[in-house]
Amino acid sequence: MAGPELMIASAAVSAVGAMQQGRAQARAYNYNAQINERNALVAEQEGEQLILENEDAIVRFKRDFAKLQAATQQAQRYNGWIASGGTPLKVALANAAEADEEIAVRRYNAKVGKQQKEESALQQRMQANLNNLYASSARKAAFFQAGSSLLSGFGRAQGIETGIGG
């Protein structure tokens, strides 16, 4: 193989290497994007699960509260107090208000937790989009690097053939 042919072959090998490297980088970025998307879906599911678990806990809380109210009323009746007025009524109303507040706090906290999971999902999706952009950029950069290698090799080979470069 003479000088110009060797330069062209070297440029071709360099171009192939650049393309392979670009494809490998693109695959890695695409893989990371898939992981980000999976993590986003998991975060969304965790947010939904948080709400469901909280509502289940509220149902248990209401059941326990009803038992407490019944026991309180039974104790008041045992002591001869009438639950429809006076202190027993005030105690029942205060307990009910505290229960309502507890339920509202639990629902609020669950919504905040769900919003945090949704924000995490959004961040993961943004990272997935960024990784997809990186993959596209890696493919384009490899294409241009391969083209540059070929043009440079052909130019050097042409220079040797004409006696300009060597």
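This is a short talk on one protein chain and its two helices.

First, the ground rules. The model is predicted: local features need pLDDT of at least 70, side-chain atom pairs count only at pLDDT 80 or more, and totals for chains, interfaces and linings use all residues. Residues are numbered from 1 along each chain as its sequence is written, and side-chain values use heavy atoms, with hydrogens and water left out.

Now the overall picture. What is the chain built from? Two helices and zero strands. Helices here are DSSP runs of H or I with at least four residues, strands are runs of E with at least two, and numbering starts at the N terminus.

Start with H1. It covers residues 3-78, which is 76 residues. From first C-alpha to last, H1 reaches 111 Å, close to the 112 Å expected. That expected span is 1.5 Å times one less than the number of residues. Just after H1 comes glycine 80, with a positive phi of about 85 degrees. Helix H2 then takes residues 86-162.

What about the outline? Along its principal axes, the C-alpha trace spans about 120 × 20 × 15 Å. The radius of gyration is 36 Å, while a compact globule of 166 residues would have one near 15 Å. That radius is taken over C-alpha atoms, and the globule rule is 2.2 Å times the number of residues to the power 0.38.

Next, contacts, meaning heavy atoms within 4.5 Å. Take the contacts between residues at least 6 apart in sequence: 89% of them join residues at least 24 apart.

Is alanine 43 buried or exposed? Buried, because its relative accessible area is 4%. The cut-offs: buried is under 20%, exposed is over 50%, and partly exposed is in between, with a 1.4 Å probe and protein chains only. Which residues does alanine 43 touch, leaving aside neighbours within four places in sequence? It is in contact with Lys117, Ser120 and Ala121. Alanine 43 and glutamine 127 are 84 residues apart in sequence, and 14 Å apart in space, C-alpha to C-alpha.

Now tyrosine 134, in H2. Tyrosine 134 counts as partly exposed, because its relative accessibility is 36%. Between tyrosine 134 and glycine 147 there are 20 Å in space, C-alpha to C-alpha, and the two are 13 residues apart in sequence.

Back to the whole chain to finish. Of its 166 residues, 22% count as buried.
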